[in-house]
Amino acid sequence: MSGDYTIAHLSAPDSDVRALVRELDAEMAVLTPACEQRHGLTLDAIFQPHIRFFLAYADREAAACGGVALLDGFAEVKRMYVRPAWRGKGAADAIMRRLMAETMEAGRPLLRLETGADFVPAGRFYRRWGFKPCAVFEPYASMPPHTVAASAFLERPLP
């Protein structure tokens with residue numbers, strides 16, 4: 001397995017996207033058993049005009065995915081996932097570079113995300129990329145408090 005990735009922008013779900021999202025949902029079901037505390041977008045919601053979604057391919061295999069929702073005044077990381085065989089091999093970095101570039105190209109000065117407060121590897125990854133804790137933001141701020149009790153909210157200003 002190499003560390004060279006090709007990043008593809010997808011405008012509709014394909015079999016690779018379906019497989020990655022299915023794997024992500026299965027992992028989230030184990031990590032966050034309470035369904036109301038999982039905030040991942042459905043496939044239909046991912047492929048809306050304000051969302052850019054990408055796959056990282058290595059050795060002709062879909063290794064990782066992630067998207068960015070372009071919102072009012074900021075962008076939000078959505079559905080970021082790396083297959084276990086590709087973790088620690090730069091796939092997440094490749095996706096994050098593309099998400100940041102997409103956010104800056106869209107003129108958004110801030111990149112935010114919601115992740116599980118107990119997802120230690122994810123937290124380390126995001127901190128390494130310069131994300132810092134922030135206050136809960138919309139749409140999460142309008143949700144019942146128990147639905148975001150297991151969430152961590154992070155942000156990173158962009159140049």
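**The sheet and its edge**

Guide: The protein chain has 159 residues, for which a compact globule would have a radius of gyration near 15 Å; the chain has 15 Å, so the two agree. This is a predicted model, and the values that follow are to be read accordingly. Along the principal axes, the C-alpha atoms occupy a box of roughly 45 × 35 × 30 Å. Of the 159 residues, 45% count as buried. The protein chain exposes about 8,100 Å², with 55% of that area supplied by carbon and sulfur atoms. Among contacts with a separation of 6 or more, 69% come from residues 24 or more positions apart. As for charge, the mean positions of the 19 positive and the 19 negative charges lie 4 Å apart.

The protein chain contains four helices and seven strands, which follow one another along the sequence as β-α-α-β-β-β-α-β-α-β-β. An open sheet of seven strands is formed with mixed pairing, and its order is 1-2-3-4-5-7-6. Its edges are strand 1 (6-10) and strand 6 (132-133), each of which pairs on one side only.

Notes. Residues are numbered from 1 along each chain as its sequence is written. This is a predicted model: local features need pLDDT of at least 70, side-chain atom pairs count only at pLDDT 80 or more; totals for chains, interfaces and linings use all residues. Side-chain values use heavy atoms; hydrogens and water are left out. Helices (H or I, at least four residues) and strands (E, at least two) are DSSP runs, numbered from the N terminus. The radius of gyration is taken over C-alpha atoms; the globule rule is 2.2 Å times the number of residues to the power 0.38. Buried means under 20% relative accessible area, exposed over 50%, partly exposed in between (1.4 Å probe, protein chains only). Contact means heavy atoms within 4.5 Å. Accessible areas come from the Shrake-Rupley method with a 1.4 Å probe; for residues, only the protein chains shown count as cover. Lys and Arg count as positive and Asp and Glu as negative; His and the chain ends are not counted. The place of a charge is taken as NZ of Lys, CZ of Arg, CG of Asp or CD of Glu. Two strands pair if DSSP finds at least two bridges between them.
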